[in-house]
Amino acid sequence: MRGPIVAALAIATLPFVSAQLSWDEAYTKAEAALTNLSLSDKVGIATGIGWQGNGGCVGNTHPVESIGYPSLCLQDGPLGVRYASSITAFTPAVQAASTWDRNLIRERGQFHAEEARALGVHVLLAPVAGALGKIAEGGRNWEGWSPDPYLTGVAVAETIEAMQAVGVQATIKHYIANEQELRRETMSSNVDDKTMHEIYLAPFYDAVKSGVAATMCSYNKLDGTWACENDHVMNELLKGQLGYQGYIMTDWGAQHSNAPAANAGLDMSMPGSNYNGGDVYWGNGGLEGAVQSGDVAEERVNDMAKRILAAWYKMGQDGEYPPLNLDLNVQGDHGANVRACARDGIVLLRNEDNILPLASPSSIAVIGSAAVKGDHANNVCVDKGCNDGALGMGWGSGSVEYSSFSEPYAAIEEKAPGAVTLSDSDDASKGAAAASGKDVALVFITADSGEGYITVEGNAGDRNNLDPWHNGNELVKAVAKVNENVIVVVHSVGAIIMDEILALPSVKAVVWAGLPSQESGNALVDVLWGETNPNGKLVYTIAKQASHYNTQVVSGDDDYEEGVMIDYRHFDSAGIEPEFEFGFGLSYTTFDYADLEVQSSATSGPIAGDIVSGGPADFFDEVATVTASVTNSGAVAGAEVAQLYLSYPESAAGQPPKQLRGFAKLPLEAGASGPVSFSIRKRDVAVWDVEGQQWTVPAGEFGVLVGASSRDIRLEGTIQVA
């Protein structure tokens with residue numbers, strides 16, 4: 001593991017490659033190449049050569065010189081290139097999702113892939129669609145986008161298309177129902193058929209539609225069978241129902257058998273062994289022996305190699321491709337995207353007396369250890385396995401080292417020189433002393449989580465609870481006793497319970513700054529002083545009490561008894577008032593909605609088109625459009641995220657009260673109006689028919705709900721489906 005970043009080499013050229021082959025064209029080239037390969041060659045294409053050192057990447061395959069096929073380099077991760085010396089630490093996906101900005105999300109994916117390509121990485125192990133985030137305490141939720149499968153699907157599609165336009169293979173992971181870290185390598189996720197299709201499989205439809213090259217199967221079992229040797233989820237669902245044409249790789253060390261994994265649809269073994277070179281299943285003659293004994297048909301090995309080669313050809317990686325060099329400086333101007341995602345992903349949760357934006361306070365107290373650079377931001381902790389100082393991402397294999405980091409305190413001091421008093425301690429009495437007599441007090445609190453191979457402050461990946469870390473509640477209380485203008489800044493991997501904080505009259509504002517990565521301080525100052533009007537919205541529900549969530553980390557197998565009722569679906573169906581609902585976010589201005597129009601050609605019945613990439617051929621066809629007008633009725637420019645939810649007819653039993661089915665972000669000058677438009681696809685009005693084993697559009701009246709959040713509905717209409 002690399003320690004603090006080392007000096008980088010010269011800045012690399014960052015090529016942008018837009019041309020790529022269709023799957024049919026790629027398969028034609030792969031089939032031609034296959035005729036020149038021996039069984040050993042084909043097994044080598046499908047088999048890793050060990051962890052890291054054997055090829056320089058976290059995963060490498062065997063090269064085949066006869067067709068010019070290199071040792072494929074597979075590298076983490078979802079927010080930057082792991083183990084590289086001078087790369088951009090992009091915002092975690094959950095922060096990018098909080099912008100609700102397709103353009104920023106796409107640009108983030110493009111820049112990420114440009115850096116990977118320049119470093120010689122063929123396959124990025126990103127983006128994440130599982131963990132989806134059904135459990136608020138889930139350790140890796142921050143690597144994904146949202147517990148809403150629609151929002152996640154949009155984000156992964158934008159990311160995959162942007163990455164692969166650059167010529168880098170994207171990997172959708174972790175497939176599937178990988179929702180907690182506790183016992184992730186032994187537990188079984190037992191998911192009913194309806195829930196699997198409508199919630200957990202849903203973003204994978206989008207990924208396959210977008211042509212994703214690779215899929216990573218997860219550590220857990222599905223209904224008692226390991227995900228990476230599960231015929232139902234790999235062959236029947238992914239390759240069958242979704243029409244997936246890419247290849248399936250294991251998560252690192254998630255293989256448990258030789259022939260059974262091969263026959264169930266696994267295409268690539270990663271890293272080919274365990275981390276110490278043992279537990280080899282396909283290498284050292286293992287898979288060849290299974291073919292020779294008749295336990296695996298050679299045609300299955302041909303299919304493995306063909307899928308992997310097709311992805312390589314599809315990306316144009318058989319042309320000139322940069323050699324591996326993880327020590328190049330490839331950052332370019334990509335920090336601008338980090339700042340934009342960090343800034344526009346900030347969600348303003350409270351703003352009493354319009355304390356924000358700050359005018360010109362003559363004295364500011366900055367309080368909390370999370371306001372300054374500590375071990376986390378200084379790259380001291382292996383894989384970000386600490387919560388010391390300012391927090392920009394969670395921990396684990398999805399983290400990277402910072403090449404630079406904007407410290408909150410330093411950015412605030414630069415904005416208000418001479419006005420700032422710092423207490424970089426979480427000691428309540430010291431915080432109170434610093435805040436006493438100041439015009440305003442900014443209190444920084446955090447909550448962290450990560451991957452289960454690291455334990456941080458007693459949290460083994462998943463969070464032990466939903467409280468702020470480091471005595472955050474007591475710190476805020478102490479400051480609120482001595483200062484009437486307290487602004488709480490939260491850097492967190494996910495929801496925390498804030499009832500104690502919100503009960504304090506002196507807490508005038510709560511700024512949900514999330515996980516801003518390397519541009520933490522700069523992004524925060526942009527919003528606090530109003531250079532940017534806050535325009536982020538929550539991508540999960542924040543509850544009043546932890547017990548209000550209906551999911552939790554389990555010590556045994558998880559039977560997914562909550563079904564489709566996760567996050568806001570659960571709160572709506574159970575009639576529970578959240579602290580802050582899904583889609584919520586305040587602004588320094590106000591927005592009015594008007595002029596709802598609905599046009600529909602939707603008809604009821606099964607969706608039974610031929611299977612193509614992404615499912616039935618008509619699955620993504622537009623069947624309705626919804627338009628509305630949004631007006632900035634306030635005094636300053638801002639951007640609004642208009643959200644479309646659908647309610648389902650009574651004939652569709654078991655559906656949540658409403659489900660997100662569209663969103664549009666609209667920047668508006670003060671007093672200006674603009675249109676928003678939502679395209680409703682056939683899949684958006686479909687439900688999974690368990691008995692018929694197909695998607696079907698139910699007959700009856702759909703409710704059309706347009707508003708500023710899942711609970712702030714401004715316009716209502718209907719769609720009648722006969």
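Reader: Which residues does N302 touch, not counting residues up to four places away in sequence?
Author: N302 belongs to helix α11, residues 298-314; a helix here is a DSSP run of H or I with at least four residues, a strand is a run of E with at least two, and both are numbered from the N terminus. Contact requires heavy atoms within 4.5 Å. With residues up to four places away in sequence set aside, the residues touched by N302 are L34 and K42.

Reader: What kind of model is this?
Author: Residues are numbered from 1 along each chain as its sequence is written, and side-chain values use heavy atoms, with hydrogens and water left out. Local features need pLDDT of at least 70, side-chain atom pairs count only at pLDDT 80 or more, and totals for chains, interfaces and linings use all residues, the model being a predicted one.

Reader: Is N302 buried or exposed?
Author: A residue is buried under 20% relative accessible area, exposed over 50% and partly exposed in between, for a 1.4 Å probe and protein chains only. The relative accessible area of N302 is 14%. N302 is therefore buried.

Reader: With which side chain does the side chain of N302 make a polar contact?
Author: A polar contact is a pair of N or O atoms within 3.5 Å; within protein, one must be able to donate a hydrogen and the other to accept it, and residues adjacent in sequence count only if both atoms are side-chain atoms. At 2.6 Å, the side chain of N302 makes such a contact with that of K42.

Reader: What is omega for the peptide bond from K173 to H174?
Author: Most residues other than glycine have a negative phi, and most peptide bonds are trans. A126 and P127 are joined by a cis bond with omega about 5 degrees, P127 being in the loop between β3 (123-124) and α5 (149-165). H174 is in strand β4, residues 169-175. The bond from K173 to H174 is also cis, and its omega is near -10 degrees.

Reader: What is the relative accessible area of N379?
Author: N379 is in the loop between β11 (364-367) and α13 (408-415). Although not a glycine, N379 has a positive phi of about 60 degrees. N379 is buried, because its relative accessible area is 5%.

Reader: Where is Q693 found?
Author: Q693 is a residue other than glycine with a positive phi, near 55 degrees. Q693 is partly exposed, with a relative accessible area of 40%. Its place is the loop between β24 (687-689) and β25 (694-697).

Reader: What is the volume of the largest cavity?
Author: On a 1 Å grid over the protein atoms alone, a cavity is a set of points where a 1.4 Å probe fits but cannot get out, and lining residues have an atom within 4 Å of a point. Points are joined across faces, edges and corners, and a volume is the space filled by probe spheres set on them. A search of the whole structure finds 5 cavities of 30 Å³ or more. The largest has a volume of about 250 Å³.

Reader: Which residues that line the largest cavity are closest to its centre?
Author: By class, the lining has 13 nonpolar, 11 polar and 3 charged residues, where Ala, Val, Leu, Ile, Met, Phe, Trp, Tyr, Cys and Pro count as nonpolar, Asp, Glu, Lys and Arg as charged, and the others, Gly among them, as polar. Of the 27 lining residues, the closest to the centre are G133, I135, A136, N141 and Y540.

Reader: How many charged residues are in the lining of the second largest cavity?
Author: The second largest cavity holds about 170 Å³ of space. Its lining of 15 residues has E198, A202, R661, R683 and D684 nearest the centre. By class this lining has 6 nonpolar and 3 polar residues, and the charged ones number 6.

Terms used. On a 1 Å grid over the protein atoms alone, a cavity is a set of points where a 1.4 Å probe fits but cannot get out, and a pocket is an open set with protein on both sides within 12 Å along at least five of seven lines; lining residues have an atom within 4 Å of a point.
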